[in-house]
Amino acid sequence: MPQFRFACFAIALPIRRVFDYRIEADDPAVVGTRYRLPFSSGVKTGVLLDTNGASELDPERIKPVQERLDHEAVLGEHILALARWMSEYYLQPLGEVVFQCLPGYLRGARPHQPVRVKRWCLVNSDPTLTAELEPRSPRQFEICQALLQQPSGLTAIELKQVNTNWHPVVKALEAKQIVRWEWAEKPAGRAPAEELPELSSEQQRSLTEIEPRLHRFAVHLLDGITGSGKTEIYLRLIQQHLEDGMQVIYLVPEIGLTNQLIERVESRFGDCFVISHSGLTDFQRYQAWDRFRRGEVSIMLGTRSSLFSQSEKLGLIIIDEEHDHSYRQEDGVRYHARDVAIKRAQMLDIPIILGSATPSLESISNCERDTYFRYRLDQRPTRFPPPPIQLIDVRNNRLEFGCAAQTFAHVERHLAQSGQVLIYLNRRGFAPIVMCHECGWQSLCQNCDARLTLHQSVQTLLCHHCGFAQRIPEVCPDCGHNEVKHYGIGTEQLELGLTQRYPDTPVLRIDRDVIASREALKSRLQQLQTGEPCILIGTQMIAKGHDYPAITLSVVLDADQALFSASYRASERLAQTLFQVSGRSGRGDREGEAILQTRFTDHPLMQALVRQDYRQIANDLLQERRLLGFPPYARVIIFRADAIELKAALGKLEEIRTLLETASRFDSLSCVGPMPALMTRRIGRYRAQLCLVSQDYQTLRSVLQQSMPAIEQLGSSARVSWSIDVDAYDL
Ligand code: ADP
Ligand code: ZN
Ligand code: ZN
């Protein structure tokens with residue numbers, strides 16, 4: 001009998017390989033458990049991938065593992081298979097991907113100690129058996145009486161209410177085999193606590209069409225305007241799965257996980273769900289993950305990384321606001337949660353539901369190619385349709401803190417009719433530009449190719465990219481002129497202007513400078529719920545998710561910049577945001593309106609917005625992407641490098657390009673660069689990119705597969721590091 005076995009481990013390192021160690025023959029060696037492993041001069045945590053990987057290696061040269069951390073797998077076979085797929089598809093190191101799939105709490109050496117609750121109950125519930133105890137052991141009798149009343153058993157906390165010194169008494173009863181304990185499991189799912197709304201005919205039709213397709217893998221896109229009742233459809237589908245004893249993962253964008261949604265899920269399904277988002281501690285997220293994993297709850301309602309929640313009986317995945325950019329992780333392991341979720345559903349042969357008022361161009365084109373099922377919802381089941389959008393031409397118009405006279409007139413009319421007004425301005429701070437009129441000096445960041453934003457309340461100029469801050473200069477640092485001026489409007493200035501103009505109306509601002517936490521956002525939004533007239537100013541933070549019935553007017557102040565952005569996705573993103581913002585109004589029992597200030601009233605995007613025709617915009621944009629050969633008609637893979645000198649970043653990419661060209665015998669590969677990134681300097685480092693675009697995905701992949709081993713040999717260092725971005729969002 002050999003004393004050892006060999007096992008291979010994933011370790012979170014930016015190296016594309018796995019590591020072999022020796023384990024004792026009697027170690028259970030369960031795939032998906034964590035071990036502490038000696039690694040160079042230190043110790044690292046690794047996840048066991050399999051046990052027969054290293055047989056041909058010299059046993060003497062392979063180190064033994066140091067310690068096993070888990071008794072049961074923290075990553076199931078299925079999640080490991082998904083991790084392998086991600087690693088291959090996104091060309092990311094397997095070790096890093098595997099650790100990405102673990103809850104943050106378990107990525108180090110912390111033990112996996114599920115907090116389970118015990119429940120004690122009577123072995124036999126015949127009252128005559130316990131009656132004998134009364135004269136001799138009154139305390140045992142008392143506890144048995146309490147247990148008799150509660151056939152499902154009592155937890156430690158409940159027993160303590162019967163007798164503060166319950167433990168020895170219960171131990172004695174256990175010894176007599178009168179009482180036993182079991183793990184307290186939560187019932188999975190419960191009957192709807194509320195009366196369900198009657199479905200609209202559109203909702204009913206979509207459900208009727210989806211239902212026969214639920215027994216196997218398919219992607220279903222609910223393409224329905226804001227407030228058309230998509231969430232209601234998700235809830236009905238969840239209900240069905242819970243009744244069948246299945247679990248459901250329900251993903252929402254970070255800012256979409258509102259209290260309203262949580263309350264809605266709670267009132268429908270009671271406490272059989274957990275939530276997970278970045279506002280929770282690692283430990284809280286781990287607990288949610290573990291309760292779901294053990295089947296104690298049936299629904300995981302969470303943001304991006306909740307996708308990796310383990311489940312033995314996953315029956316459905318829902319991705320709300322599937323177009324949302326927060327589903328893409330842009331640092332560390334780059335992936336798109338929607339796309340990985342689709343893969344997961346396919347591997348498990350279960351259905352996945354995507355929903356959006358403004359579907360991504362990728363999803364629309366997949367519907368057109370008949371790979372997704374699409375269901376349209378064009379009406380709101382509530383009284384009022386989405387508000388008409390009116391353009392306000394701001395050319396030759398004097399603006400006061402960013403607002404035109406006509407805009408004020410609208411705001412005043414709505415306030416006078418006791419409506420609430422939402423003003424969207426996606427720029428925080430007081431003013432985005434600070435400059436000298438004499439010599440043209442501008443306040444630029446010393447670490448980034450970016451302007452510093454004026455923040456009046458803290459009297460500083462601040463970089464929104466690296467956090468660099470400096471005091472507002474009193475005179476021009478270049479020419480000494482005694483006046484530096486600011487231009488443009490941010491939310492801080494808008495708030496000040498509106499407060500002065502409407503002293504009797506509450507003005508609430510929501511942006512990252514004033515709202516530091518989910519709790520702060522919650523309390524700020526509670527002020528809206530009184531329904532009193534007020535003005536709400538906000539950035540991206542307010543654009544989606546929230547459903548505030550008293551808002552009757554939404555205003556978009558300045559969207560023009562994005563029309564001419566260099567990013568090929570800017571128009572899509574802009575259209576999505578504008579529809580989302582305008583869709584915030586008129587959701588209650590009062591009709592809404594939406595206005596948008598622009599200099600480009602004739603722009604096709606603006607015109608389609610007036611017609612409330614997202615599909616037209618999407619079709620136009622798809623046409624454009626087809627002509628340009630951009631996604632979804634091509635695949636984009638970008639090598640990114642950053643270094644302390646631009647030359648080094650470009651040089652590294654030049655080497656990568658050479659290796660790619662060696663591997664490529666194909667002409668269909670178009671390789672752009674190396675060239676400096678759009679924002680070349682960021683947080684003190686120079687950034688460059690090498691972009692591969694191809695309509696022929698198979699070729700692109702085979703070139704990469706051939707050249708990656710050599711490219712990896714190039715290595716990364718602090719001086720110059722590189723990464724690869726598959727299906728890159730921004731060029
Ligand atoms: P979406 O997810 O498409 O934005 P929701 O499901 O949140 O839409 O529905 C918008 C509003 O309409 C919510 O307040 C919801 O309670 C209500 N609602 C949804 N379906 C119905 C229905 N069939 N009858 C009445 N009200 C409904
Ligand atoms: Zn000057
Ligand atoms: Zn900066």
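**Figure 1. Thr231 and its neighbours meet ligand 1.** A polar side-chain atom of Thr231 sits 2.6 Å from an oxygen atom of ligand 1. Taken by itself, ligand 1 exposes 550 Å², and the protein buries 78% of that. Before we go on, please keep in mind that this is a predicted model. Gln203 also reaches ligand 1 through its side chain, with a polar atom 2.8 Å from a nitrogen atom of the ligand. Gly229 uses its backbone instead: one of its backbone N or O atoms is 2.9 Å from an oxygen atom of ligand 1. How many residues surround ligand 1? There are 17, and the closest are Glu198, Gln203, Lys230, Thr231 and Arg264.

**Figure 2. The domains of the protein, for orientation.** The domain assignment gives domain 1 (4-106), domain 2 (117-184) and domain 3 (201-377), among others. Domain 4 is written in two pieces, 389-427 + 490-627. Domain 5 covers 433-487, and domain 6 covers 635-726.

**Figure 3. Four cysteines hold the zinc ion (ligand 2).** Which protein atoms are the donors here? They are the SG atoms of Cys436, Cys439, Cys476 and Cys479, lying 2.2 to 2.4 Å from the zinc ion (ligand 2). The angles among these four donor atoms run from 105 to 116 degrees, and the site is tetrahedral. For comparison, the ideal angle for four tetrahedral donors is 109.5 degrees. Along the sequence, the donor residues follow the spacing C-x2-C-x36-C-x2-C. Is Cys436 buried or exposed? Cys436 has a relative accessible area of 0%, so it is buried. Cys439 is partly exposed, because its relative accessible area is 39%.

**Figure 4. Another set of cysteines holds the zinc ion (ligand 3).** The donors are the SG atoms of Cys445, Cys448, Cys463 and Cys466, at 2.2 to 2.4 Å from the zinc ion (ligand 3). This site is tetrahedral too, with angles of 99 to 116 degrees among its four donor atoms. In sequence, its donor residues are spaced C-x2-C-x14-C-x2-C. Both Cys445 and Cys448 are buried.

**Figure 5. Cysteines without a disulfide partner.** A disulfide is a covalent bond between the sulfur atoms of two cysteines. How many disulfides does the structure hold? The count is zero. Cys144, for example, is in no disulfide, and the nearest cysteine sulfur, that of Cys121, is 12 Å away. Cys144 is buried, because its relative accessible area is 0%.

Note on methods
Residues numbered from 1 in each chain as written. Chains lettered and ligands numbered in written order. Predicted model: local features only at pLDDT ≥ 70, side-chain atom pairs only at ≥ 80, totals over all residues. Heavy atoms only, no water. Donors = N, O, S within 2.8 Å, 3.2 Å for Na, K, Ca; no water. Tetrahedral: all angles 85-135°; square planar, octahedral: opposite > 155°, others 65-115°. Buried < 20%, exposed > 50% of the residue type's maximum accessible area, 1.4 Å probe, protein only. Domains from an automatic or database assignment. Disulfide = S-S within 2.5 Å. Near = heavy atom within 4 Å. Polar contact = N/O pair within 3.5 Å; in protein donor to acceptor, adjacent residues only side chain to side chain. Areas by Shrake-Rupley, 256 points an atom, 1.4 Å probe, with all protein chains shown as cover.
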